[in-house]
Amino acid sequence: MKPSPFTYHDPQSVAETAAILSEVEDCRLLAGGQSLMPMMNFRFVQPSNLVDLNGVRELAFVREDAGRIAFGAMTRQRTLERSAGLRESCPIIPLALSHVGHRQTRARGTIGGSLCHFDPSAELCNLAALHEAELVLARRGGERALPFAEFGVGYLTTAVEPDEFLREVRFRRWPQGHGYAFEEFAMRHGDFAICAISCLVTLAPSGAVDDIAIAVSGVGAVPFRLGEAEASARGERPGHDLYRALATAASKVEAMSDSYVSAGYRQHLARILTYRAVKSAVENAGMRAAA
Amino acid sequence: MGVRMFGASVKRKEDPAFLSGKGRYVDDIVLPNMAYAAFVRSPFGHARINGIDKSAALAVPGVLAVLAYDDLPETLKERPLPLFVQVAALSQPKMPYTLAVDEVRYVGEPVAVVVAESRYIAEDAAALVDVDYEPLPAVADCLAALAPGAPPVHAGSDNNVAARMPSKIGDVEAAFAGAPHIFKERIFQHRGGAFFMECRGAIGSYDPVLNSLLMYISSQGAHRIKRGLLDLFDLGDHQIRVVTPDVGGGFGPKGSLYVEYPAVAACSMLLGRPVKWIEDRRENFVATHQERDQYWDVEIAVDGNAKILGVRGTMTHDNGAYTPWGIVLPWISVATVPGPYVVPAFHIDMISVLTNKVPATPVRGAGRPQAVVVMERLMDRVALELGLDPAEVRRRNFIQPEQMPYKVGLIFRDGRPVTYDSGDYPACQAAALDAIGYEGFRARQEKARQEGRYIGIGIGNAVEGTGLGPYEGATVRVATNGRLVVYTGATPQGQSHKTTLAQIAADHFGVGIDDISVETSDTATISLGVGSFAARTAVNAGSSVHLAATKVAEKIKLVAADMLEVSPDDLELKDGFVHVKGVEEVRKSFREVAVKAIGMPGFSMAGGLEPGLEHTAYFTPDQSTYANGTTVTEVEVDIETGRVKILRLVLAHDCGRVINPLVVDGQIVGGVAHGVGNALYERLVYDDEGQPLSTNFGEYLLPLAADVPRVEIVHQETPSPLNPLGIKGAGEGGTIPTTASVIGAIEDALSPFGVRIAEAPISPQRIVELLGEAALGRTR
């Protein structure tokens with residue numbers, strides 16, 4: 001378990017990174033290294049060039065404005081988890097991050113690294129789907145912004161071109177007092193999620209659902225939203241019938257199977273966890289609104 | 001001193017070094033001019049090798065050698081690895097050659113070895129060794145391997161049966177013929193591997209001037225590895241020395257002789273340089289022995305009072321491609337089934353089956369946890385069918401203490417009849433039930449169900465043959481500077497031998513444990529050794545230390561008596577001196593006595609004594625001594641997700657006289673972690689072609705710290721009459737009854753839904769499948 005030979009690059013700025021990527025071929029970007037380093041040690045990936053982003057300080061930041069929250073790609077997961085600001089404005093982020101690996105891996109792991117690795121069970125990919133993220137990809141001489149739906153191409157595959165890198169991620173910001181829940185099932189704490197369901201909700205003064213977002217990860221090849229079910233829930237009174245209807249919708253999604261977990265069990269968990277997530281989000285929306 | 005060391009909870013001598021990073025494992029040993037090896041391993045479950053092209057690998061700068069079978073020394077080409085445990089029932093003994101000859105039979109089997117200036121280069125070059133494989137049909141499942149027309153695991157064999165062996169007590173046909181109740185179960189069990197923290201590793205260092213080989217190997221016994229190397233190389237006893245330094249976990253599989261060891265030795269001989277190979281984790285998943293699958297088809301006959309009349313059935317065991325431990329593992333499984341219960345009639349046919357997988361050899365518990373699962377599933381079935389309390393069914397069937405010694409009627413793998421020497425099984429279960437509050441449990445269970453929570457309780461009872469022979473020796477010596485040392489072939493892998501063996505010796509000399517060095521597992525220091533496995537070290541090495549220390553202490557008194565002109569009976573030992581009782585100033589130091597005892601050059605020995613203050617003893621037990629234990633576990637099951645949470649776990653156990661309660665507690669807690677893993681997490685998945693799919697710790701799940709419950713331990717001490725210290729083994733007692741207890745608790749929790757569990761491990765997904773519609777819970 002030793003990596004094959006590679007050339008190591010150590011850029012200190014976004015411009016320098018872009019320049020290197022425009023020049024070298026067969027390259028991998030090193031962010032937190034919590035997936036890439038094991039994959040290199042296993043020789044599952046054998047890049048000729050490794051570009052280490054850890055020296056690029058300008059890629060680590062959190063900026064909030066009225067409509068959205070922007071994260072630098074190299075912002076550590078542990079920073080997001082412990083951010084007092086996010087705990088106020090976007091409490092589902094620290095909540096979901098508590099499921100990501102272990103404290104030691106979160107200290108190194110980054111938001112951009114997780115999104116670019118694009119593991120279908122990754123909590124941060126789930127959150128990106130939930131918040132209709134916009135991803136800013138930089139290259140020498142320019143950049144482009146992609147909606148999350150176009151960023152993820154397939155299983156472990158993104159639309160990032162070989163000479164591009166993720167610079168910034170922007171999440172839609174939900175109003176103060178929104179309800180939130182993150183329900184995950186993994187074999188052990190910190191394991192890859194077999195299924196995770198996130199939910200954000202706002203309630204109208206009547207108590208009916210005003211807006212709702214539900215994202216599913218671990219189940220399909222890419223994380224996705226329950227768009228139709230969300231639409232049908234808007235304007236409905238929360239309660240057992242609504243939760244059950246959403247759970248039933250979640251149980252009908254297409255699911256992966258592998259040597260350990262069947263598609264049927266993933267669908268079953270999607271059902272169970274959707275019920276729990278929506279119920280929990282609605283309940284804390286009520287409490288947060290009252291408070 | 002005066003404070004008795006035996007029985008005291010003293011802190012481990014080993015800890016300061018380990019906790020401050022000063023442990024010395026094989027990989028910490030760096031010899032001058034050392035080179036590094038990497039193995040080329042089969043990617044196929046079964047294939048013929050039509051050719052090996054080493055040229056690209058040899059062309060890599062820094063590569064020193066590439067060896068395939070044809071390049072091995074002549075003796076390694078002639079001789080497969082020796083089989084140490086041949087028995088008549090083993091009809092197809094199969095042992096590998098150091099490197100594959102022309103056929104590979106499991107994924108991970110070594111085909112070639114590359115030696116280079118660094119491990120990085122060796123791995124780069126290993127990827128360039130071009131092996132021309134012709135895939136052959138493979139068979140991975142042991143039932144499939146028995147089917148007519150199954151492909152042979154070894155090309156050219158008629159069938160895949162490694163061994164068949166019946167185990168019988170009484171007349172089982174008669175017992176079943178008139179039985180009022182017969183219940184049948186088909187139980188699948190899977191145990192994973194050992195997954196010690198420190199993977200295997202070996203350094204071969206050949207000295208061409210002396211024509212001698214020194215090997216450092218992370219093992220469970222240096223002497224057996226030396227014996228294997230003596231068989232494989234034409235070298236004399238004085239030309240091979242094997243040393244096992246600190247070891248980071250063994251649990252059984254490190255006790256085997258592996259092909260990598262002679263391969264590394266051969267590389268060193270060829271190059272005249274030390275060669276190191278350290279197993280990486282991926283190799284560990286494919287090349288270190290595992291335990292794996294057993295299919296049990298069993299039935300139990302009971303009378304109207306739930307008393308056992310007989311047990312019968314078959315057990316099919318997945319042996320893997322070679323038979324390094326013969327039939328030891330499945331034999332232990334079958335012989336453990338009766339456990340603490342009176343089983344008047346018994347007949348289980350064991351079939352050990354070759355498969356295209358890495359060999360299966362004992363892992364902590366060594367086939368016993370499976371036997372306990374079988375027997376306890378049957379006991380729970382009887383309780384369910386007859387409407388009795390599960391604890392009561394067990395009570396009615398326990399062997400009573402007054403029946404000791406109790407002949408079970410089977411032959412154990414030590415070659416002796418299974419004869420339980422001592423123990424109080426009813427009291428052990430009672431103590432465990434009392435500790436967990438079994439009396440009040442049903443009321444708590446009912447209350448929880450009203451709240452929509454499903455809790456359950458399960459019982460596992462086990463009897464375990466420990467302290468297996470033939471022997472383990474100890475030399476106790478007082479050096480001429482007065483310092484005490486114990487040499488033994490016992491090989492600690494985390495069991496605290498250096499502490500416990502020092503405790504046993506210390507009381508004889510009136511010193512503390514830090515005044516005694518315990519030197520383990522070096523073939524140059526003691527001539528015979530067996531190694532540490534099968535919960536045998538405290539019994540064998542401990543007794544030997546006791547016997548040898550007794551002799552040396554007597555001799556100190558004899559020599560000092562002459563020096564002080566008193567009777568030996570008037571002397572006692574304390575703090576490095578021998579003094580006249582009651583007159584501590586009249587004394588001689590151990591140093592003075594030791595110097596006297598070796599004599600002066602050219603002068604005659606006084607008093608006709610043998611020279612030296614040392615003695616070597618080899619305690620040889622007549623038979624195994626039987627420890628016992630009860631695990632009672634309380635779980636909660638989330639019926640919607642299938643998640644199992646262990647709420648409480650009590651383990652009552654009896655390992656005879658306890659040398660160090662702190663050490664025994666540590667063994668039990670670690671053992672329970674293994675049992676929990678075997679119940680809920682650990683699973684080695686293979687595809688139909690024998691391709692391992694669990695090759696890292698993301699796929700193979702060990703219980704993490706948060707998944708292992710706090711273990712509530714109850715100690716009982718029934719001394720063994722079979723050794724001078726009354727000891728029984730304690731290394732596996734935490735594991736053996738635990739899996740059965742957890743499985744039983746899950747079934748009990750799900751009893752409102754009529755779920756029966758006949759497998760281990762069990763996953764949340766499987767629980768949901770068994771629950772069916774009920775798992776929809778609130779979402780229905």
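**Interfaces and local backbone features of the predicted model**

In chain B, B:Pro405 is placed in the loop between α12 (390-397) and β16 (406-411), where helices (H or I, at least four residues) and strands (E, at least two) are DSSP runs numbered from the N terminus. The model is a predicted one, in which local features need pLDDT of at least 70 and side-chain atom pairs count only at pLDDT 80 or more, whereas totals for chains, interfaces and linings use all residues. Residues are numbered from 1 along each chain as its sequence is written, chains are lettered from A in the order in which they are written, and side-chain values use heavy atoms, with hydrogens and water left out.

The peptide bond that joins B:Met404 to B:Pro405 is cis, with omega at about -10°. A cis bond also leads from B:Ala760 to B:Pro761, with omega near 0°, and B:Pro761 belongs to the loop between β29 (759-760) and α20 of chain B. As a general rule, most residues other than glycine have a negative phi, and most peptide bonds are trans. In chain A, a positive phi of about 50° is found at A:Asp26, which is not a glycine and which sits in the loop between α1 (14-23) and β2 (27-30). A:Leu156, likewise a residue other than glycine, has a positive phi near 55° and lies in the loop between β8 (152-154) and β9 (157-158) of chain A. With a 1.4 Å probe and protein chains only, buried means under 20% relative accessible area, exposed over 50%, and partly exposed in between; A:Asp26, at 44%, is therefore partly exposed, and A:Leu156, at 36%, counts as partly exposed too.

Helix α20 of chain B contains B:Ile767, which is buried because its relative accessible area is 0%. Leaving aside residues up to four places away in sequence, B:Ile767 is in contact (heavy atoms within 4.5 Å) with B:Val637, B:Gly642, B:Val644, B:Ile746, B:Leu750 and B:Ile762.

Between the two chains, the contact takes 32 residues from chain B and 30 residues from chain A. The buried area, that is, the accessible area (1.4 Å probe) that two parts lose on being put together, summed over both, is about 2900 Å² for chain B and chain A, with carbon and sulfur atoms giving 56% of it. On the chain B side, the most area is lost by B:Gln765, B:Arg778 and B:Thr779, which together account for 22% of what that side buries. There are 4 salt bridges between the chains, each defined as a side-chain nitrogen of Lys or Arg within 4 Å of a carboxyl oxygen of Asp or Glu; one of the salt bridges pairs B:Asp638 with A:Arg276 at 3.0 Å, N to O.

Within chain B, the domain assignment, which is automatic or from a database, gives domain 1 (15-20 + 469-619), domain 2 (31-136 + 195-287) and domain 3 (290-468 + 622-775). The C-alpha centres of domain 1 and domain 3 of chain B are 40 Å apart, and 20 residues of domain 1 are in contact with 21 residues of domain 3. These two domains of chain B bury about 1500 Å² between them, 68% of it on carbon and sulfur atoms. Of the area that domain 1 buries against domain 3, 32% comes from B:Ala534, B:Ala535 and B:Val539, more than from any other three residues. The interface of domain 1 and domain 3 of chain B has 0 salt bridges.
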